[in-house]
Amino acid sequence: MPEQSEPKVPAADPTPAPEGAGAVEPDARPRGRFSRRRALGAAGVGVAGTAVGLAGGIGVARASVEPPAPAGPKIYPFYGDHQAGITTPAQDRLHFAAFDVTTTDRAELVSLLQDWTTAAARMTQGEGAGEYGPTSGPYDAPPDDTGEAIGLPASGLTLTFGFGPSLFRESGRDRFGLAARQPAALKRLPLFPGDNLDESRSDGDLCVQACADDPQVAVHAIRNLARIAFGRAAIRWSQLGFGRTSSTSTSQATARNLFGFKDGTMNLKAEDPAGVDAHVWVPSGADPRAAWLSGGSYLVTRRINMTIETWDRQALSEQERVVGRTKAEGAPLSGGGEFSQPDFTMAGRGNEPIIATDAHVRLAHPDNNHGVQLLRRGYNFVDGSTGLGRLDAGLFFMAYVTDPRTHYIPLQTKLSRTDGLQEYLQHTGSALFAVPPGAKSGEHIGQALFA
Ligand SMILES: C=CC1=C(C)c2cc3[nH]c(cc4nc(cc5[nH]c(cc1n2)c(C)c5CCC(=O)O)C(CCC(=O)O)=C4C)c(C)c3C=C
Ligand SMILES: [Fe+2]
């Protein structure tokens, strides 16, 4: 069955009614359970109603643009053949976190994955991270949910988990008895020409991608998973993102990156299952050491700083030349509309190719890369500004691929050497993760790896 991408309307809240305090000691009394869904029973309708109203209000000005996704009660199933958050229509917000595993005990690592699975299954359905919720449970213990999502709907939250190469082997050491099951393709990404990587923004043993239409919901999810991990894993680095730079469904309008260009036009889309099968999922039998990964994928993350101030001083003609598309519509410079195929043979003034030989879309197009396609799922980021008054901003590039050795590494090698866009970019973070298939109810994420 393909990954479930159809959102569903929340079911009636099955949480039992609040328990009475009775004669229990004040410090130990189980307090009334607080359910995010129940809070929404009254408030959720209002939230959704407001969002629709807002979208309608600005509809005239944004006539040709998809209105912002309402942060309504959109819920994606957590369990399934593939993890949610890959072909799921890209939500508007991201909080991505990479973790270092701090325990040396394999059983504790497994228990962490069990606990994360339980909490993720709850939070993606609009429930609190734990069974009591933020304002219930023993009064003398920390709450099992941090509380900042009280009253907020699920907002299309998806949580997608991955394993980095260092989980399997670190400095040659088999940390958790997993080395024999490390996929051959799961190695640290090589250093590409022009990379200026910050180690403290790169790699990691585990990763969690939280995507939602409300930033507070995404941040709440990562915060609670980090809290649950205490003593077993700790955040190594994390990245916030906004304004998805890729559409992953034909139902979505193409968003813009911080260079002001439509980004994601030619992305792989969920409505192309043959393309997704060929380029995203790891087929069974792909790697005899890593049967546990079939139905999963590989996730490449690259924090790419964009020199916004330099870009903003370039003529429109130069900006379009470097990308190979028009800024207004996102159409190839060879003509047609946004979704027209570029004609790389068409000559322009002085018999020069109309789409320059170093234009980004020429170099990245599948026809010029042995048919290779990526499922891009990146986000814009602005992490404040530098001491020189420049924006610390760019694109947090994420791509899901069937094999990084055939799908990302050769393409990035080529782009880093010849892409005209490269002059305006600096890659500052890099990581690769193996993303296991989805869990079935009763299983934990990555269970087959530990079987
Ligand atoms: C290694 C892969 C890629 C990196 C890194 C990358 C960075 C990057 N891209 C843009 C802006 C655009 N990219 C566009 C298309 C496009 N980009 C890649 C790959 C990488 N981009 C591919 C495979 C494609 C599709 C090519 C095609 O099939 O024609 C576009 C055009 C619109 C679109 O199709 O998405 C833009 C614009 C930036 C700003 C950037 C780094 C910050
Ligand atoms: Fe690109």
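I began with proline 165 and found that this residue lies in helix α3 (residues 165-168), where helices are DSSP runs of H or I with at least four residues, numbered from the N terminus. I was working on a predicted model, in which local features need pLDDT of at least 70, side-chain atom pairs count only at pLDDT 80 or more, and totals for chains, interfaces and linings use all residues. Residues are numbered from 1 along each chain as its sequence is written, while chains are lettered from A and ligands numbered from 1 in the order in which they are written.

I looked up the burial of proline 165: this residue is buried, with 21 other C-beta atoms within 10 Å (buried requires 20 or more such atoms, with C-beta placed from the backbone). Setting aside neighbours within four places in sequence, I listed the contacts of proline 165 as Gln182, Leu186, Lys187, Arg188 and Leu432 (contact means C-beta atoms within 7 Å). The C-alpha atoms of proline 165 and leucine 186 are 5.6 Å apart, although 21 residues separate them along the chain.

I then turned to helices α2 (residues 106-123) and α4 (residues 215-229), whose axes come within 10 Å and cross at roughly 155° (axes are lines fitted to C-alpha atoms over the stretch in contact, with angles from 0 to 180 degrees between N-to-C directions). That makes α2 roughly antiparallel to α4, a term for angles over 145 degrees. In this pairing, Leu112, Asp115, Trp116, Ala119 and Met123 of α2 meet Ala221, Asn224, Leu225, Ile228 and Ala229 of α4.

Terms used:
Helices (H or I, at least four residues) and strands (E, at least two) are DSSP runs, numbered from the N terminus. Angles under 35 degrees count as roughly parallel, over 145 as roughly antiparallel, 65 to 115 as roughly perpendicular and the rest as oblique. Two residues are in contact if their C-beta atoms, placed from the backbone, lie within 7 Å. A residue is buried if 20 or more other C-beta atoms lie within 10 Å of its own, exposed if 12 or fewer, and partly exposed in between; C-beta atoms are placed from the backbone.
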